[in-house]
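Thank you all for coming; I would like to walk you through one structure slowly. Please have a look at it on the screen before I start.

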Amino acid sequence: MLSSNIFRVSVVLFCSFAFSTSFAQTIINLKTEYLINPIGLDNPNPRFTWQMADNRKGAKQTAYRIMVSTDSVALLQGKANQWNTGWLQTSTSLKIYNGQSLKPFIKYFWRLDVANQLKVINTKLASFEMGMMGGKNWQGSWISDNENPKLKPAPYFRKTFETTKKIKSARAYIAAGGLYELSLNGEKVGNHRMDPMYTRYDRRTLYVTYDVTHQLKIGKNAIGVLLGNGWYNHQSTAVWDFDKAPWRNRPTFCLDLRITYTDGTIETIKSGKDWKTALSPIIFNSIYTAEHYDARLELDGWNKVGFDDSKWKRVIYRSAPSRNIVAQALHPIRNIEEITAKSIKKFNDTTYLFDLGRNISGVSKIKLNGPAGTVVRLKHTERLYSNGRADLSNIDVHYRPTDDKDPFQTDILILSGKGEESFMPHFNYKGFQYVEVSLSRPIELKKEDLVGYFMHSDVPVMGSVKASDPLIDKIYYATNNSYLSNLFGYPTDCPQREKNGWTGDAAIAIETGLYGFDGITIYEKWLADHRDEQQPNGVLPAIIPTDGWGYEWANGPDWTSTIAIIPWNIYRFYGDTKILKDNYENIRRYVNHIDETYPTGLTSWGLGDWVPVKSVSPVELTSTCYYYADVVILAKTANILGKADDYKKYTDLALKIKNTFNAKYLNKTTGIYNTGLQTELSVPLFWGIVPDEMKAKVAENLAKRVEADGFHLDVGLLGTKAILNALSENGYAEIAYKVAAQKTFPSWGWWIANDATTLYENWPIDAKSDISMNHIMFGEIGAWLYKAPGGIKPDENQPGFKNVILQPYFVEGLSSFEATHDGPYGKIISSWKRVGSGINYKVTVPANSSATVKLEIVRDRKIYLDGKIIAGGTFNLQAGEYNIELK
């Protein structure tokens, strides 16, 4: 406990500590709602998080204090007019705001004082700013240019206004049905792409806040808005019927530009009848297929002050897509990486093929110079025909065009003839490696004339893996490429053929995503989409968001268990109960529906082990395991949230399911489930439905089965999630690694051997169907690398890596391995290498956390911790850096 004199430290001493201590003892990564200095928040009780940067052994926060104020100067002096927690003697680094009511549009500053065992560390201030906080604060009107959703050209909107006073700050708040690009005085606002994120538009609409202070000027200003269709007005036709969505309409938007002047007055420039509109050069845009642009129709200066809009039309009023307009408080989509073409191939004077050298999600940008009216077609594909031409046949299989005017993944550009011009789509993205450029007139193109942009939600990188075997590094690289290629404000299955939020794919990849990236803001948004889509009886669709497709096929506990699995994993990785609280009733309603529909405890509702190598397991076996997992998660969540009656009810239900399942499928004499396929043995092991006394026997049978299968996979989607973990966690990590590191069919390595830079949808690379070449559904191997050879696992009893489980498996085939994960308390490092006949294992446990090291697998070796021999294979570590030797 801190002595009382620490709490009497003056402001002067606080400041002196801030400037005199080294980087080794500071506070970093102050975040509000998991974002750095965010603006436009709606949550009236935002969360504060932080980390200690202190490399001393045993470094620990013993107390902290948070102060919140609208006055940053006063806050530096220790005065808070909004909230002061007082000193809280705890080592947690997550606090929910509970001060005076926060007000819309107000910027708040927060100060964090932390005490460790030696001193009080004071950090610089952080800030957050509230947004609309409700529909009543909007002043703008919803406007559009037309009521006809079949109208193809994208609309421009503009308005001019004049400021006469000095501007202190300005914020633009914009919500849209569809997509938009906002500009001020001819310059695009921000660097986001594809705003706002896709939701169930008639139930929840997102708005985005931008700081536009420096884009305004005293005098005349011009606002420009370009609207795209997005998922709101889906004009392309495909099997999921998005063109028939109940919300479908011509794109619309609402905007408030709130200007605060230095004299304290406020003026709001808002969308309304005084705006003008015209059609843009974007003559067609589809988020699903492509974008068509006629540069001859460009209106130079359309979003600047001096433009003559006398021939533009008046706008029309429209009703809002929904009454629930909420802040988009998440990491946005951006052009993350520019990728130059690796090669160019010229077929003739009008046809070229650009190869980016890797498969990505995103767009291409071309620059060229040609005569007016020249038509440029840019076909984006993942693979080539044998003659080297672009091949779409693996990714256009679900497209159902009504004519030939909307070719799949093919941008169309018509040149203006006004010198060099460039084109990059505004409201579309694709999945591709190759771009075939076809010209209506000969134009000489060079390799440098086309680049690709890797687009995805800009989630911070939180993990890394490095192995002595280059194949493992390539598999990890491909896994991350596929994960990011399928993160666009919600997790998708593939960036080309569908772009749908398939629940099963996301459930499989959740741990891979959380080990590697800071994705909580994306998943919290997506779980809100779940709540929007859930039927009153608890049923969820297979794709979320949806226009209504997916309630009748492909859903079931093996897919839509995302309602339980995603919140539970967020809790494990972040130690934050909010997502459990937000979704508790939804999980309960879902479980109750299955219980009522399948009272025996066994359920055959689901898709089963999708796209298996060859063997097919019973749907009832896999779906019941997922149902059991949901009930276990629900019971644990009830216990965490203090719901004692529910905890007992669902604990009992879980036991009933477990007993019924094992009575039907488990041969207790042989230790084999059903017929003993890889999926049939690994899925029950992974989800914990196997009786404790039978785990060793079942695992032994799984190991024998894998060996009999030549250490190759014989699983589909659900088995892939389970098999490596089931082996590693039950004494067979060596066999798991043999499977993971295979280079022949079927395996991840087989894809890499065939030049894959992403994960595929099917094990055979020449499959006739289900052969997207950028899918995340087989992506659990990324998480397994952290958990098994890396050995980094969250501790369910101290979640958020407050205590880290370090349990690496020093598998044959690797001479060294390193995994890092930047968790809520800081960077965890688990790094080992072989030295002679022994192992040198280096560990970093971040400040304010601890670790439990489990090395029970080590036999006939002595364990030295920082040069001192220790007894036993399990021991605890405080924060710090450690050298562990196994000799």
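**Salt bridges and strands**

E524 is buried, and R47 is buried as well, where buried means under 20% relative accessible area, exposed means over 50%, and partly exposed lies in between, with a 1.4 Å probe and protein chains only. Before I go further, please keep in mind that this is a predicted model, in which local features need pLDDT of at least 70 and side-chain atom pairs count only at pLDDT 80 or more, while totals for chains, interfaces and linings use all residues. Residues are numbered from 1 along each chain as its sequence is written, and side-chain values use heavy atoms, with hydrogens and water left out.

What joins the side chains of E524 and R47? They meet in a salt bridge, at 2.8 Å from N to O, and the term stands for a side-chain nitrogen of Lys or Arg within 4 Å of a carboxyl oxygen of Asp or Glu. E524 lies in helix 5 (residues 520–533) and R47 in strand 2, so this pair ties together parts that are 477 residues apart in sequence; helices (H or I, at least four residues) and strands (E, at least two) are DSSP runs, numbered from the N terminus.

Two strands are said to pair if DSSP finds at least two bridges between them. Of the 7 residues of strand 1 (residues 26–32), 5 are buried, so this strand is largely enclosed by the rest of the structure.

Let me return to the salt bridges, of which a search of the whole structure finds 48. In one of them, the side chains of K721 and E780 meet at 2.8 Å, N to O. Because K721 lies in helix 13 (residues 717–728) and E780 in helix 16 (residues 780–787), the pair ties together parts that are 59 residues apart in sequence. Both K721 and E780 are buried, and they belong to a network of salt bridges that links E511, R572, K721, E780 and K787.

Strand 37 pairs with strand 38 (residues 803–806) in the antiparallel sense over 3 bridges, and the bridge partner of P794 in strand 38 is V804.
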